[in-house]
Amino acid sequence: MWKFRRFRPARLAESIKPLDIPGCGWYQVHTLRLDSTAPLEQEIFPAQGQRVALLMMDIGAYQNQDIPPGALERAEALLRGFPDKDLILRVVYDTKGRGLEHEPATLDQILRHMEQLGPIINRCREKIFQLQGIFVGSWGEMHQSKFLGRQAQLLAALDQATGRQLFLAVRTPAQWREMVLCNKDLGQRLGLFNDGIFGSPTDLGTYMDREAELCWQEENMGLAPVCGEAVLGEEKVSYRQAALDLARMRLTCLNSAYDSRQLGLWQRETMEKGPWRGLSGLDYIGGRLGCRFVVRRARLWRENLEITVENCGFSRLHLPAICTLGVEPVAGGLPVDIPVDANPNNWAGGGTYRFLVPLSGTLPPARLFLRVRLKRDGVLVPFANQGEKEEVFLGELL
């Protein structure tokens, strides 16, 4: 009988340990030319300890011609051979800040390049976390291009060529709104990449009215990844102010190498309160990139286990995942996973979520665990609870 069942809760406390969360955290940029003849193993040096990497694929050598078969084979080899990372892919004509000079002369040539590369990108989609930009602009950042008047057409062509499944991204909220106005189906897959965060009052042209756009991002972004680079501007931005702004941006990933002056400023600051006390402001910001789940409470309520989870990160878990309750009988027997009616992809940054897990009256005395797994490969997503690795021990059902 349920009235005779008891639950001994575990001690649940937040940890400040770094978490290896798929599709979240720091990244570095790797620029690789398709016309290079160097062996791939001599060109790929991914940063250790980082889950995400940005691959800037330079096709500028084929500015006004089709990409030859050998280069297309190299493109697929690059994507398939890149070490175990969640790849942000940006295909570019320019890596020197001279977008107008390096982009093709005609729109048809860009569309042809998308047509050529699209099937390759689609075949490698399991490795690609986000596809940024539309090939044009300085550094592929969608500025300094004569084709920005056709940017909605270019994004639609890229989306079609790559199978309409990937997360995409544009540079500014204004561009985002234009794209979604043209194609409402993009709303849940289209994110942002802001490579001018804090660089000026407009984030180097990302915003017209920064405060208004941050309010808009806080309200409308989060379903798709938001990535970027922090830049040292004329006014120094402390880690405290940065964390407030990055939470409003719903930031998922941040460049760990640029701008070293801004990152160094946060590194020299020290947290003074809370569980992060004594660590640097840089550690604090890095620990909150993307999602950071903390189980706050587990208790028996009638015939259910009530669980409370807080997402202390800036954003969500974007890769599709499921939540289960692990049951490990104390006296032996086969452990089981009970499906939980809670979608971890809906746990937005800064939010607290409570859900009930119905428990069968026939369950034996058991240790209970909360688990979040990726659908693609079953990998466990770690929680930020003390003493835990991936799953969280909630307590014992007696």
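Biologist: What volume does the largest pocket have?

Modeller: Keep in mind that this is a predicted model. The lining of the largest pocket is made by 22 residues. The volume of this largest pocket is about 570 Å³.

Biologist: How do the residues lining the largest pocket divide by class?

Modeller: Among the lining residues, Q165, F167, H318, L319 and P320 lie nearest the centre. By class, the whole lining splits into eight nonpolar, seven polar and seven charged residues.

Biologist: Which element supplies the largest share of the lining of the second largest pocket?

Modeller: The second largest pocket holds about 390 Å³ of space and is lined by 20 residues. P18, L19, W26, G286 and G287 lie nearest its centre. Two elements, β2 (25–27) and α9 (281–288), each give at least two residues to this lining. The largest share is four residues, and it comes from α9.

Biologist: How are helices α3 and α4 oriented to each other?

Modeller: Helix α3 covers residues 107–123, and helix α4 covers residues 151–161. Their axes are 8 Å apart, at an angle of about 25°. Angles under 35 degrees count as roughly parallel. Therefore α3 and α4 are roughly parallel.

Definitions and conventions. Residues numbered from 1 in each chain as written. Predicted model: local features only at pLDDT ≥ 70, side-chain atom pairs only at ≥ 80, totals over all residues. Heavy atoms only, no water. 1 Å grid on protein atoms, 1.4 Å probe; cavity = no way out; pocket = protein on both sides within 12 Å on 5 of 7 lines; lining within 4 Å. Points joined across faces, edges and corners; volume = space filled by probe spheres on them. Nonpolar A, V, L, I, M, F, W, Y, C, P; charged D, E, K, R; others polar. Axes fitted to C-alpha atoms, helices over the stretch in contact; angles between N-to-C directions. Parallel < 35°, antiparallel > 145°, perpendicular 65-115°, else oblique.
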